Amino acid sequence: MSGRSDAWTRGDPMRALIILLCLLPELALASPVKTDLFGHSIEIKTIPPDDEEALFVDGKQMLENQIINLEENGQIGSTSFAIGSSSGGGNICDASPFVLRFTANAPVQIDGPLDSCNPVAHKIEKDHVTFESPALPTAKGARWIWTANGFGPEQPLTFKPSPNKGWDALRRGAIHHPLDLLGHADLAQQLRKEVSDAHYEAFKRLVSGPGHARYDGGLFIGEACQAHMCDDTAVLIVIDPAAKRIAVAMKDEDKPVLIVPGEGAWPAAAKPVLQSWRQSWSR
C-alpha cells in the first residue's frame, strides 16, 4: 500500500506479503521494518505472545495490532510527520490512520489511530493533512484535520445526492454499483416509491453491501447483498432508462421475497434474469 502526497489515498485492511513503505524517496521495505526517519529509529516487528505487529520508535513501543503500515512522510513548518495505518485484520473494518509527529528536541508523538471503521483517505495540504471518510447515501461521513498540534475534532459529513441527473447517468452507463443509484435524487425517489416506505430501509441496507451492475440491451441490471450476509440477503434491480421504469426483487433473511412491480410488469428481457434470481432462493 503506497501513499501519494498529491492525491487522495485510502487504506486497505488486507495486504500482500511484501509491504511497500514509502518512508523515504525511492525506498521500499518489506516487513519486518527497521530504518531511520528524521533522526529517529523506526521499527515494525512481530512480538509474542499473539504474534501481532508492534511499532517501535527509538526503542519505545508506540502501537500494537495485527497489521501496521507506514505509508508516507512530509513536513509542515518545523514539524515532520509520517502517516501510517493500523488494522485488526479481517474484512470487517478498514485500516485506521495514525500520524507519527516528529518535533525538534521532543519525544516522538503518535496521533490516532482514528476511531473509524470505514475507509479513510488522506491528502497532504500546505499547512495540514486532511483525513476524510466520505459520506454515502446510507451513512454519514467524517473529516479530521491534522496539524502540527495533532488531530482536530471530528467533523461529520452529510451526503448530498445529485439532483435530477440519475436517468442521464444510467443512459450513459455511468452507474456501476446499486448503491450509486441512491446518489441521484430522482432515482432514489422513484426507488423509494417502488419498494414503499415499509421496505425502503431494508432496501438501502442491502444495496450498501457487495454488489455489481451491468448493462444489457439498454437495461441496467444491478445486484447486491448485505455485507457478511450474502447467503441470506439479496436485491435485484432492473431499470429501463428509456422508459424510466424500475423493477426490484428483494430477499431479506427469512422474510418473503418482495417483487415490485409484479413479474408480469417486468421488461421482457429482464424476466429470465428474475427467474434465475428467484431460483436461487427456492432451493
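Buried here means under 20% relative accessible area, exposed means over 50%, and partly exposed lies in between, with a 1.4 Å probe and protein chains only. Helices (H or I, at least four residues) and strands (E, at least two) are DSSP runs, numbered from the N terminus. You are looking at a predicted model, in which local features need pLDDT of at least 70 and side-chain atom pairs count only at pLDDT 80 or more, while totals for chains, interfaces and linings use all residues. Residues are numbered from 1 along each chain as its sequence is written, and side-chain values use heavy atoms, leaving out hydrogens and water.

**Stop 1: strand S7**

Select residues 79–87, which make up strand S7. Of its 9 residues, 9 are buried, so S7 is largely enclosed by the rest of the structure. In a regular strand the side chains alternate between the two faces of the sheet. Colour one face of S7 by picking Thr79, Phe81, Ile83, Ser85 and Ser87, then the other by picking Ser80, Ala82, Gly84 and Ser86; both sets are buried.

Two strands pair if DSSP finds at least two bridges between them. Strand S6 (residues 67–76) runs antiparallel to S7, and 9 bridges join them. With S8, S7 pairs in the antiparallel sense over 7 bridges; here serine 85 has proline 97 in S8 as its bridge partner.

**Stop 2: strand S4**

Which residue of S4 is the bridge partner of glutamate 43? Show phenylalanine 56 to find that partner. The pairing in question is between strand S3 (residues 40–47) and S4, antiparallel over 6 bridges. Phenylalanine 56 also stands opposite glutamine 61 in S5, as S4 and strand S5 (residues 60–65) pair in the antiparallel sense over 5 bridges.

Both hairpins have a positive phi to check in your torsion display. Between S3 and S4 there are 4 residues, and aspartate 51 has a positive phi near 55 degrees. Between S4 and S5 there are 2 residues, and aspartate 58 has a positive phi near 55 degrees.

**Stop 3: the disulfides**

A search of the whole structure, taking a disulfide as a pair of cysteine sulfur atoms within 2.5 Å, finds 2 disulfides. They follow the pattern 1-2, 3-4, with bonded cysteines counted along the chain.

Start with cysteine 93 and cysteine 117, whose sulfur atoms are 1.8 Å apart. The pair links distant parts of the chain, 24 residues apart: cysteine 93 is in the loop between S7 and strand S8 (96–102), and cysteine 117 is in the loop between strand S9 (109–111) and strand S10 (121–124). The torsion about this S-S bond is about -95 degrees, so the disulfide is left-handed. Cysteine 93 is partly exposed at 29% relative accessible area, and cysteine 117 is partly exposed at 33%.

Now go to cysteine 225 and cysteine 230, with sulfur atoms 1.9 Å apart. Their link is right-handed, with 55 degrees about the S-S bond. Is cysteine 225 buried or exposed? Cysteine 225 counts as buried at 11% relative accessibility, while cysteine 230 is partly exposed at 35%.

**Stop 4: the largest nonpolar core**

A nonpolar core is a set of buried Ala, Val, Leu, Ile, Met, Phe, Trp, Tyr and Cys residues joined through side-chain atoms within 4.5 Å. Select Leu181, Phe203, Val235, Ile237 and Val248, which touch the most other members of the 26 residues in the largest nonpolar core. Elements giving two or more residues to this core include helix H1 (166–171), helix H2 (178–181) and strand S17 (233–240). Helix H4 provides the largest share, 5 residues.
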